[in-house]
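Here are a few friendly notes to read alongside the model.

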Amino acid sequence: MPDMYYDVYDADRPEIFFKATPSRTVEPGDAIGVRDDSQWDVPEPELGIVLRRGEIVGYTVGNDVSSRSIEGENPLYLPQAKVYDRCCSLGPCVVTPDDIDDPHELEMSMTIERDGEVVYDDATNT
């Protein structure tokens with residue numbers, strides 16, 4: 001990765017990028033998209049925050065799939081590495097903040113299947 005990505009963690013301004021339109025988002029169990037022109041693609045399980053007028057009204061789990069080989073070529077290619085058909089999976093539900101004790105202590109799991117065979121199954125936390 002280029003050194004400039006290290007600046008994201010210490011910068012005064014956060015890194016912001018547009019992820020997906022509704023038509024590019026899939027639901028749990030649906031196949032995600034992988035770009036044909038990328039040789040290195042990674043799933044990125046993340047906590048999704050649902051906002052309404054700037055207030056947190058819920059949480060969900062998301063998969064921010066990225067084409068790292070495209071992103072790594074040039075930081076200006078970030079939109080191409082992040083936004084494409086079926087690039088984001090959300091769900092299966094939205095949970096209200098009242099139902100979450102600490103959003104920094106949640107477990108997320110991911111299973112990757114190819115041709116009906118599990119090739120990855122693991123968990124992490126926020």
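Is Asp115 exposed or buried, judging by its relative accessibility?

1. Asp115 has a relative accessibility of 85%. Residues over 50% are classed as exposed, so Asp115 counts as exposed. Do bear in mind that this is a predicted model.

2. Asp115 also deserves a look for its backbone: its phi is near 55 degrees, a positive value in a residue other than glycine. You will find Asp115 in the loop that links strand 7 (107–114) and strand 8 (117–125).

3. Arg53 lies in the loop between strand 3 (45–52) and strand 4 (55–64), and with 74% relative accessibility it counts as exposed. As background for both points, most residues other than glycine have a negative phi.

4. On confidence, the protein chain has a mean pLDDT of 88, and 97% of its residues reach 70 or more. Among the elements of the chain, strand 1 (residues 25–26) has the highest mean pLDDT, 94, while helix 1 (residues 7–10) has the lowest, 75.

5. Finally, the annotation. An unreviewed UniProt entry lists residues 13–125 as "domain: Fumarylacetoacetase-like C-terminal".

Methods. Residues are numbered from 1 along each chain as its sequence is written. This is a predicted model: local features need pLDDT of at least 70, side-chain atom pairs count only at pLDDT 80 or more; totals for chains, interfaces and linings use all residues. Side-chain values use heavy atoms; hydrogens and water are left out. UniProt positions are given in the numbering used here, feature names are shortened, and annotations may be inferred rather than shown by experiment. pLDDT is the predictor's confidence in each residue, from 0 to 100. Helices (H or I, at least four residues) and strands (E, at least two) are DSSP runs, numbered from the N terminus. Buried means under 20% relative accessible area, exposed over 50%, partly exposed in between (1.4 Å probe, protein chains only).
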